[in-house]
Amino acid sequence: MKKDSPSGAVPRRSSYTLRRVGLFPCDAFHYLFPMGLPDGDYAPVTLYYAGYTKWSRGVKCLREHSSRASVEYVSSGTFRYSDAEGRDFQVKEGELMLLRPDLSTTLSCESERAVKYVFSFQGHMLSMLLEYLQLTQNPHFHPRDPERWRRNCDEGEKICTDYSPGQMIRTAAFSYSLLLELAEERECGEIPDFLQRTLDFIQMRLTGKLTLEELCAVAGVSPSTLFREFKRHFQTTPLGFARDRKMLLAQEMLKQGNCSVKEVAAYLNYPSPQYFSSEFKKRYGTAPRAFAVTKAVKQN
(Lines give C-alpha, C1' and ligand atoms only; values in the text may rest on other atoms or scores of the structure.)
Protein backbone atom coordinates (compact mmCIF):
# COMPACT_ATOMS: atom_id res chain seq x y z
CA MET A 1 0.00 0.00 0.00
CA LYS A 2 1.14 3.55 -0.62
CA LYS A 3 1.38 6.17 2.07
CA ASP A 4 1.72 9.85 1.28
CA SER A 5 4.44 11.61 3.24
CA PRO A 6 3.14 14.64 5.12
CA SER A 7 4.27 18.00 3.76
CA GLY A 8 6.84 20.08 5.62
CA ALA A 9 9.75 22.43 5.17
CA VAL A 10 12.22 19.63 4.49
CA PRO A 11 12.19 18.28 0.90
CA ARG A 12 10.93 14.68 0.80
CA ARG A 13 9.90 12.14 -1.75
CA SER A 14 6.18 12.12 -2.28
CA SER A 15 5.53 8.52 -1.30
CA TYR A 16 6.89 5.15 -0.37
CA THR A 17 5.58 1.65 -0.91
CA LEU A 18 4.90 -0.96 1.77
CA ARG A 19 3.44 -4.29 0.68
CA ARG A 20 2.45 -6.97 3.13
CA VAL A 21 1.60 -10.61 2.44
CA GLY A 22 -0.24 -12.83 4.89
CA LEU A 23 -2.00 -11.84 8.09
CA PHE A 24 -1.08 -8.29 8.98
CA PRO A 25 1.38 -7.93 11.86
CA CYS A 26 0.05 -6.50 15.12
CA ASP A 27 1.78 -3.11 15.36
CA ALA A 28 2.06 -1.05 18.54
CA PHE A 29 3.95 2.04 17.35
CA HIS A 30 4.17 5.43 19.07
CA TYR A 31 4.55 8.27 16.54
CA LEU A 32 6.50 11.41 17.33
CA PHE A 33 3.91 13.40 15.34
CA PRO A 34 0.59 11.50 15.60
CA MET A 35 -1.17 14.16 13.50
CA GLY A 36 1.56 14.37 10.84
CA LEU A 37 4.79 16.36 10.55
CA PRO A 38 4.44 20.01 11.57
CA ASP A 39 5.20 22.87 9.23
CA GLY A 40 8.55 24.53 9.82
CA ASP A 41 11.99 23.29 10.79
CA TYR A 42 12.70 20.04 12.58
CA ALA A 43 15.84 18.14 13.47
CA PRO A 44 18.17 16.87 10.69
CA VAL A 45 17.78 13.37 12.18
CA THR A 46 15.03 12.36 14.58
CA LEU A 47 12.64 9.54 15.40
CA TYR A 48 9.52 9.03 13.31
CA TYR A 49 8.12 6.32 15.59
CA ALA A 50 9.18 3.66 18.09
CA GLY A 51 7.42 0.54 19.33
CA TYR A 52 7.02 -3.17 18.71
CA THR A 53 5.33 -5.39 16.16
CA LYS A 54 4.20 -9.03 16.43
CA TRP A 55 4.45 -11.28 13.37
CA SER A 56 3.46 -14.85 12.58
CA ARG A 57 4.79 -17.38 10.10
CA GLY A 58 4.00 -16.49 6.50
CA VAL A 59 3.94 -12.72 6.96
CA LYS A 60 6.13 -10.93 4.43
CA CYS A 61 6.73 -7.21 4.02
CA LEU A 62 8.31 -5.41 1.03
CA ARG A 63 9.59 -1.89 1.72
CA GLU A 64 10.45 0.34 -1.26
CA HIS A 65 11.23 4.01 -1.99
CA SER A 66 11.33 4.97 1.68
CA SER A 67 13.17 8.10 2.81
CA ARG A 68 13.33 6.69 6.34
CA ALA A 69 15.63 4.19 8.03
CA SER A 70 14.80 1.77 10.81
CA VAL A 71 16.82 -0.09 13.41
CA GLU A 72 14.99 -3.29 14.37
CA TYR A 73 15.77 -5.47 17.39
CA VAL A 74 14.41 -9.03 17.37
CA SER A 75 13.23 -9.92 20.88
CA SER A 76 11.80 -13.33 19.95
CA GLY A 77 11.49 -15.56 16.91
CA THR A 78 13.34 -15.46 13.60
CA PHE A 79 13.09 -13.14 10.59
CA ARG A 80 14.65 -13.33 7.14
CA TYR A 81 16.13 -10.18 5.63
CA SER A 82 16.83 -9.75 1.90
CA ASP A 83 17.53 -6.62 -0.13
CA ALA A 84 18.07 -5.38 -3.67
CA GLU A 85 21.86 -5.52 -3.26
CA GLY A 86 21.79 -9.31 -2.83
CA ARG A 87 22.06 -9.69 0.93
CA ASP A 88 20.04 -12.54 2.42
CA PHE A 89 20.29 -13.76 6.00
CA GLN A 90 18.34 -14.75 9.10
CA VAL A 91 17.96 -12.34 12.00
CA LYS A 92 17.47 -14.24 15.24
CA GLU A 93 16.46 -13.43 18.78
CA GLY A 94 18.75 -10.83 20.34
CA GLU A 95 20.07 -9.57 16.98
CA LEU A 96 19.63 -6.28 15.12
CA MET A 97 19.09 -5.22 11.54
CA LEU A 98 19.23 -1.84 9.83
CA LEU A 99 16.82 -1.00 7.01
CA ARG A 100 18.35 1.77 4.93
CA PRO A 101 16.58 4.58 3.09
CA ASP A 102 16.03 4.02 -0.65
CA LEU A 103 17.01 0.33 -0.51
CA SER A 104 14.28 -2.16 -1.42
CA THR A 105 14.08 -4.62 1.46
CA THR A 106 11.96 -7.70 2.11
CA LEU A 107 11.34 -9.10 5.59
CA SER A 108 9.56 -12.36 6.35
CA CYS A 109 8.78 -14.29 9.51
CA GLU A 110 10.36 -17.77 9.69
CA SER A 111 9.05 -18.83 13.11
CA GLU A 112 5.54 -19.49 14.37
CA ARG A 113 5.59 -16.19 16.27
CA ALA A 114 8.10 -13.35 16.33
CA VAL A 115 8.38 -9.94 17.95
CA LYS A 116 10.68 -7.08 17.00
CA TYR A 117 11.15 -3.58 18.36
CA VAL A 118 11.48 -0.85 15.76
CA PHE A 119 13.06 2.61 15.74
CA SER A 120 12.11 4.51 12.59
CA PHE A 121 14.24 7.56 11.77
CA GLN A 122 13.67 10.51 9.45
CA GLY A 123 15.45 13.75 8.55
CA HIS A 124 17.23 15.42 5.65
CA MET A 125 20.67 14.47 7.06
CA LEU A 126 19.79 10.84 7.75
CA SER A 127 21.46 9.23 4.71
CA MET A 128 24.60 11.32 5.16
CA LEU A 129 24.87 10.35 8.83
CA LEU A 130 24.51 6.64 8.03
CA GLU A 131 27.30 6.95 5.45
CA TYR A 132 29.52 8.89 7.86
CA LEU A 133 29.06 6.26 10.58
CA GLN A 134 29.75 3.49 8.00
CA LEU A 135 26.42 1.84 8.70
CA THR A 136 25.50 1.21 5.06
CA GLN A 137 27.65 -1.85 4.34
CA ASN A 138 26.47 -4.55 6.73
CA PRO A 139 22.86 -4.35 7.96
CA HIS A 140 23.18 -7.28 10.41
CA PHE A 141 24.40 -6.76 13.99
CA HIS A 142 25.05 -9.02 16.98
CA PRO A 143 24.76 -6.68 19.98
CA ARG A 144 27.18 -7.18 22.83
CA ASP A 145 24.48 -6.36 25.38
CA PRO A 146 20.97 -7.28 24.16
CA GLU A 147 19.41 -6.09 27.41
CA ARG A 148 20.75 -2.60 26.71
CA TRP A 149 18.84 -2.57 23.44
CA ARG A 150 15.69 -3.66 25.23
CA ARG A 151 16.12 -0.64 27.48
CA ASN A 152 16.64 1.52 24.41
CA CYS A 153 13.27 0.26 23.11
CA ASP A 154 11.50 1.35 26.28
CA GLU A 155 13.25 4.72 26.21
CA GLY A 156 12.27 5.34 22.58
CA GLU A 157 8.60 4.69 23.34
CA LYS A 158 8.70 7.06 26.32
CA ILE A 159 10.31 9.85 24.32
CA CYS A 160 7.75 9.60 21.52
CA THR A 161 4.86 9.93 23.98
CA ASP A 162 6.35 12.70 26.14
CA TYR A 163 4.90 15.88 24.61
CA SER A 164 6.37 18.26 27.18
CA PRO A 165 8.50 21.23 25.99
CA GLY A 166 11.82 20.18 24.48
CA GLN A 167 10.55 16.91 23.02
CA MET A 168 12.16 17.54 19.62
CA ILE A 169 15.58 18.17 21.16
CA ARG A 170 15.32 15.08 23.37
CA THR A 171 14.23 12.96 20.43
CA ALA A 172 17.04 14.19 18.17
CA ALA A 173 19.62 13.57 20.91
CA PHE A 174 18.25 10.06 21.46
CA SER A 175 18.36 9.35 17.70
CA TYR A 176 22.00 10.43 17.35
CA SER A 177 22.94 8.44 20.46
CA LEU A 178 21.22 5.31 19.17
CA LEU A 179 22.93 5.44 15.76
CA LEU A 180 26.30 6.05 17.40
CA GLU A 181 25.69 3.03 19.60
CA LEU A 182 24.92 0.98 16.50
CA ALA A 183 28.17 2.17 14.93
CA GLU A 184 30.03 0.98 18.04
CA GLU A 185 28.46 -2.45 17.57
CA ARG A 186 29.79 -2.49 14.00
CA GLU A 187 33.30 -1.62 15.14
CA CYS A 188 33.45 -4.81 17.19
CA GLY A 189 34.05 -6.57 13.88
CA GLU A 190 32.44 -9.37 11.93
CA ILE A 191 31.40 -12.51 13.76
CA PRO A 192 33.77 -15.39 12.80
CA ASP A 193 32.09 -18.47 11.30
CA PHE A 194 32.98 -20.68 14.26
CA LEU A 195 31.47 -18.14 16.65
CA GLN A 196 28.30 -17.89 14.59
CA ARG A 197 27.97 -21.69 14.71
CA THR A 198 28.27 -21.50 18.49
CA LEU A 199 25.62 -18.75 18.71
CA ASP A 200 23.24 -20.80 16.56
CA PHE A 201 23.82 -23.87 18.72
CA ILE A 202 23.15 -21.90 21.91
CA GLN A 203 19.95 -20.51 20.44
CA MET A 204 18.72 -24.01 19.55
CA ARG A 205 19.58 -25.35 23.01
CA LEU A 206 18.18 -22.61 25.24
CA THR A 207 15.65 -25.06 26.67
CA GLY A 208 18.32 -27.61 27.56
CA LYS A 209 21.59 -27.83 29.43
CA LEU A 210 24.83 -26.59 27.90
CA THR A 211 28.43 -27.35 28.77
CA LEU A 212 31.63 -25.60 27.75
CA GLU A 213 32.88 -28.85 26.24
CA GLU A 214 29.85 -29.00 23.92
CA LEU A 215 30.34 -25.41 22.79
CA CYS A 216 34.04 -25.95 22.08
CA ALA A 217 33.20 -29.06 20.05
CA VAL A 218 30.66 -27.13 17.98
CA ALA A 219 33.08 -24.24 17.44
CA GLY A 220 36.07 -26.48 16.78
CA VAL A 221 38.35 -24.29 18.90
CA SER A 222 39.97 -24.43 22.33
CA PRO A 223 38.26 -23.07 25.45
CA SER A 224 40.75 -20.18 25.61
CA THR A 225 39.95 -19.12 22.03
CA LEU A 226 36.22 -19.36 22.63
CA PHE A 227 36.50 -17.33 25.85
CA ARG A 228 38.57 -14.68 24.08
CA GLU A 229 36.11 -14.26 21.20
CA PHE A 230 33.06 -14.11 23.48
CA LYS A 231 34.80 -11.49 25.62
CA ARG A 232 35.72 -9.49 22.54
CA HIS A 233 32.27 -9.49 20.95
CA PHE A 234 29.89 -9.82 23.91
CA GLN A 235 31.89 -8.93 27.05
CA THR A 236 30.88 -12.19 28.73
CA THR A 237 31.78 -15.87 28.82
CA PRO A 238 30.18 -18.51 26.55
CA LEU A 239 28.00 -19.91 29.33
CA GLY A 240 27.28 -16.41 30.60
CA PHE A 241 26.04 -15.52 27.13
CA ALA A 242 23.76 -18.59 27.15
CA ARG A 243 22.35 -17.61 30.55
CA ASP A 244 21.71 -14.08 29.31
CA ARG A 245 19.80 -15.35 26.26
CA LYS A 246 17.79 -17.76 28.38
CA MET A 247 16.75 -14.90 30.66
CA LEU A 248 15.79 -12.75 27.67
CA LEU A 249 13.58 -15.57 26.40
CA ALA A 250 12.03 -15.95 29.86
CA GLN A 251 11.32 -12.22 29.95
CA GLU A 252 9.64 -12.35 26.55
CA MET A 253 7.50 -15.37 27.49
CA LEU A 254 6.31 -13.63 30.65
CA LYS A 255 5.63 -10.45 28.74
CA GLN A 256 3.38 -12.29 26.27
CA GLY A 257 1.28 -13.48 29.20
CA ASN A 258 0.60 -16.97 27.86
CA CYS A 259 2.67 -18.92 30.41
CA SER A 260 2.85 -19.08 34.18
CA VAL A 261 6.12 -18.70 36.07
CA LYS A 262 6.14 -22.45 36.70
CA GLU A 263 5.66 -23.19 32.98
CA VAL A 264 8.45 -20.81 31.96
CA ALA A 265 10.82 -22.36 34.49
CA ALA A 266 10.02 -25.87 33.26
CA TYR A 267 10.29 -24.94 29.57
CA LEU A 268 13.71 -23.38 30.08
CA ASN A 269 14.88 -26.34 32.18
CA TYR A 270 15.51 -24.51 35.44
CA PRO A 271 15.83 -26.87 38.46
CA SER A 272 12.74 -25.36 40.09
CA PRO A 273 10.39 -22.37 39.81
CA GLN A 274 11.92 -21.02 43.03
CA TYR A 275 15.42 -21.09 41.55
CA PHE A 276 14.20 -19.44 38.37
CA SER A 277 12.42 -16.72 40.36
CA SER A 278 15.56 -16.07 42.40
CA GLU A 279 17.76 -15.77 39.29
CA PHE A 280 15.20 -13.56 37.52
CA LYS A 281 14.98 -11.20 40.49
CA LYS A 282 18.77 -10.96 40.76
CA ARG A 283 18.96 -9.85 37.13
CA TYR A 284 15.92 -7.60 36.80
CA GLY A 285 15.26 -6.47 40.36
CA THR A 286 11.71 -7.81 40.38
CA ALA A 287 10.08 -11.21 40.73
CA PRO A 288 8.89 -12.83 37.48
CA ARG A 289 5.26 -12.86 38.63
CA ALA A 290 5.34 -9.13 39.40
CA PHE A 291 7.09 -8.48 36.07
CA ALA A 292 4.37 -10.35 34.16
CA VAL A 293 1.58 -8.47 35.94
CA THR A 294 3.21 -5.09 35.27
CA LYS A 295 3.65 -5.82 31.55
CA ALA A 296 0.06 -7.08 31.26
CA VAL A 297 -1.24 -3.83 32.78
CA LYS A 298 0.85 -1.71 30.40
CA GLN A 299 -0.33 -3.63 27.33
CA ASN A 300 -3.97 -3.20 28.37
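Arg232 is partly exposed, at 46% relative accessible area. Its salt-bridge partner is Glu229, with the closest N and O atoms 3.8 Å apart. Glu229, on the other hand, counts as buried, with a relative accessibility of 11%. This is a predicted model, so keep that in mind for everything that follows. Both residues sit in helix 6 (residues 223–234), where a spacing of three residues puts them about one turn of the helix apart.

## Salt bridges elsewhere

There are 17 salt bridges in the structure. One of them pairs Glu85 with Arg100, with 3.3 Å between the closest N and O atoms. Glu85 belongs to the loop between strand 7 (78–83) and strand 8 (88–92), while Arg100 belongs to the loop between strand 9 (96–99) and strand 10 (105–109), so this pair ties together parts that are 15 residues apart in sequence.

Another salt bridge brings together the side chains of Asp145 and Arg151, at 3.9 Å from N to O. Asp145 is partly exposed, and its relative accessible area is 33%.

## Strand 4 and its neighbours

Strand 4 (residues 46–56) has ten of its eleven residues buried, so the rest of the structure largely encloses it. What does it pair with? Strand 3 (residues 26–31) runs antiparallel to strand 4 and is joined to it by six bridges. In that pairing, His30 stands opposite Ala50 of strand 4.

Strand 11 (residues 113–122) also runs antiparallel to strand 4, and ten bridges link these two. Here Thr53 has Lys116 of strand 11 as its bridge partner.

## Two residues with positive phi

Now for some backbone angles. His65 has a phi near 55 degrees, which is positive even though the residue is not glycine. His65 is in the loop between strand 5 (60–64) and strand 6 (69–76), and it is partly exposed, with 47% relative accessible area.

Asn269 is another non-glycine residue with a positive phi, about 65 degrees in this case. The loop that holds Asn269 runs between helix 8 (261–267) and helix 9 (273–284). Asn269 is partly exposed too, at 34% relative accessible area.

As a rule, nonpolar side chains in soluble globular proteins tend to be buried together. The largest nonpolar core here has 30 residues, and Ile202, Leu226, Phe230, Leu254 and Phe276 have the most contacts inside it. Helix 4 (193–204), helix 5 (212–219), helix 6, helix 7 (238–256), helix 8, helix 9 and helix 10 (288–299) each put in at least two residues. Helix 7 gives the most, with seven residues.

Which residues does Leu226 touch? Leaving out residues up to four places away in sequence, Leu226 touches Phe194, Leu195, Thr198, Leu212, Leu215, Cys216, Ala219, Val221 and Pro238. Apart from this core there is a second, separate one of 29 residues, which includes Ala69, Leu96, Leu126 and Ile159.

Methods. Residues numbered from 1 in each chain as written. Predicted model: local features only at pLDDT ≥ 70, side-chain atom pairs only at ≥ 80, totals over all residues. Heavy atoms only, no water. Salt bridge = Lys/Arg side-chain N within 4 Å of Asp/Glu carboxyl O. Helix = DSSP H or I, 4+ residues; strand = E, 2+ residues; numbered from the N terminus. Buried < 20%, exposed > 50% of the residue type's maximum accessible area, 1.4 Å probe, protein only. Pairing = 2+ DSSP bridges. Core = buried A, V, L, I, M, F, W, Y, C linked by side-chain atoms within 4.5 Å. Contact = heavy atoms within 4.5 Å.
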